[in-house]
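Dear colleague,

My notes on its salt bridges and on one of its helices follow.

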Amino acid sequence: MSQSRAIVYSTKGCIECDMVKKMLDEKSVSYEVRDVMSSSQYQEEVEAFGFMGVPVTVVNGKAVKGYQPDGILQMLGKSK
């Protein structure tokens, strides 16, 4: 069974973004970082989920805004 791959939309210097990435690292979750300042496409992808800021974590088409460990882990099918 393959593990869900997460996408973390972030920007440099974003403390909450770093917290999300650190939590995913601690849970051994592979993820892709998409810097919304480097690509207008990434910014549009975030807006398509209905959000204007970062971090936004996406797993299997579902998105959570901000640092919400419980919501992110629930999307990944992991417990705390």
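How many salt bridges does a search of the whole structure find? The search returns five. Please bear in mind that the model is predicted.

Salt bridges

One of the pairs joins Lys12 to Asp35, with 3.3 Å between the closest N and O atoms. Asp35, by contrast, has a relative accessibility of 14%; because the cut-off for buried is under 20%, Asp35 counts as buried.

A further salt bridge is formed between the side chains of Glu26 and Lys22, at 3.0 Å from N to O. Both residues are in helix α1, and because they are four residues apart, about one helical turn separates them. In general, an α-helix has 3.6 residues a turn, so residues three or four places apart point the same way. Glu26 is exposed, at 55% relative accessible area, and Lys22 is exposed as well, at 53%.

The side chains of Arg34 and Glu32 also meet in a salt bridge, the N to O distance being 2.9 Å. Arg34 is buried, with a relative accessible area of 15%, whereas Glu32 is partly exposed, with a value of 24%.

Helix α3

Which residues are buried in helix α3? In this helix, which spans residues 69-76, they are Ile72, Leu73, Met75 and Leu76. Viewed down the axis of α3, the buried residues fall within an arc of 155°, and they therefore line one face of the helix. Against which elements do the buried residues of α3 pack? Their partners are α1 (15-26), β3 (56-59) and β4 (62-65). Just after α3 comes Gly77, which takes a positive phi of about 75°.

With kind regards

Terms used:
Residues are numbered from 1 along each chain as its sequence is written. This is a predicted model: local features need pLDDT of at least 70, side-chain atom pairs count only at pLDDT 80 or more; totals for chains, interfaces and linings use all residues. Side-chain values use heavy atoms; hydrogens and water are left out. Buried means under 20% relative accessible area, exposed over 50%, partly exposed in between (1.4 Å probe, protein chains only). Helices (H or I, at least four residues) and strands (E, at least two) are DSSP runs, numbered from the N terminus. The arc is that of the directions from the helix axis to the C-beta atoms. Contact means heavy atoms within 4.5 Å. A salt bridge is a side-chain nitrogen of Lys or Arg within 4 Å of a carboxyl oxygen of Asp or Glu.
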